[in-house]
Amino acid sequence: MLGDILRDLTDPAAAEAALADLGDDGVIARIRDDAAAEGIPAGAFVARAVRHGLDHAGEEVWLDLLGRMAASPQPGVVALEALLRHAFAPPAPGRKSPRQSA
């Protein structure tokens, strides 16, 4: 199940659908604006951010992700929220954000 959810979130069409279910208008608007600035669809932008998060997430991200998914009736949406929170976190001093290096 976890593998299916995470694989789906790296697919632009599935990521776009999950984004619509996110329910955070501010995050959705920010993602759509950033995607438009790059000239790509929001689903592709999200799928890329999720892929980057999966490739580079530390143990604390995985523990947070699994804990949130286990307690949710919508594990895909919760996984997307957690990965986007990681992808859009402010960078540590002297480091690029995950989005900047993707």
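Ile31, Arg32, Asp34, Ala35 and Glu38 of helix H3 are in contact (heavy atoms within 4.5 Å) with Ala42, Phe45, Val46 and Arg48 of helix H4. Sorted by class, this contact of H3 with H4 comprises 5 nonpolar, no polar and 4 charged residues. Here Ala, Val, Leu, Ile, Met, Phe, Trp, Tyr, Cys and Pro count as nonpolar, Asp, Glu, Lys and Arg as charged, and the others, Gly among them, as polar.

The model is a predicted one, in which local features need pLDDT of at least 70 and side-chain atom pairs count only at pLDDT 80 or more, while totals for chains, interfaces and linings use all residues. Residues are numbered from 1 along each chain as its sequence is written, and side-chain values use heavy atoms, with hydrogens and water left out.

The protein chain contains 7 helices and 0 strands, helices (H or I, at least four residues) and strands (E, at least two) being DSSP runs numbered from the N terminus. Of its 102 residues, 36% count as buried; buried means under 20% relative accessible area, exposed over 50%, and partly exposed in between, with a 1.4 Å probe and protein chains only. Among contacts in the protein chain with a separation of 6 or more, 60% come from residues 24 or more positions apart.

Two packed helices are described by the angle between their axes and the distance between the axes. H3 (residues 25-38) and H4 (residues 42-56) pack at about 100°, and their axes are 8 Å apart. Axes are lines fitted to C-alpha atoms, for helices over the stretch in contact, and angles run from 0 to 180 degrees between N-to-C directions. H3 and H4 are therefore roughly perpendicular to each other; angles under 35 degrees count as roughly parallel, over 145 as roughly antiparallel, 65 to 115 as roughly perpendicular and the rest as oblique.

H4 also packs against helix H6 (residues 75-87), at an angle of about 80° and with the axes 9 Å apart. This makes H4 roughly perpendicular to H6. From H4, Val46, Ala49, Val50, Gly53 and Leu54 take part in the contact, and from H6, Leu80, Leu83, Leu84, His86 and Ala87. By class, the contact of H4 with H6 has 8 nonpolar, 2 polar and no charged residues. The buried residues of H4 include Phe45, Val46, Ala49, Val50, Gly53 and Leu54.

Side chains of opposite charge can pair when their charged atoms come close. The structure holds 5 salt bridges, a salt bridge being a side-chain nitrogen of Lys or Arg within 4 Å of a carboxyl oxygen of Asp or Glu. One of them joins Arg48 to Glu38, with the closest N and O atoms 2.8 Å apart. This pair links distant parts of the chain, as Arg48 lies in H4 and Glu38 in H3, 10 residues apart. Arg48 is partly exposed at 28% relative accessible area, and Glu38 is partly exposed at 42%.

A salt bridge also forms between Arg32 and Glu16, whose closest N and O atoms are 2.9 Å apart. Arg32 lies in H3 and Glu16 in helix H2 (residues 12-21), so the pair ties together parts that are 16 residues apart in sequence. Both partners count as partly exposed, Arg32 at 36% relative accessibility and Glu16 at 26%.

Within helix H1 (residues 2-9), Asp4 and Arg7 are 3 residues apart and thus separated by about one helical turn. Asp4 forms a salt bridge with Arg7, the closest N and O atoms lying 2.5 Å apart.
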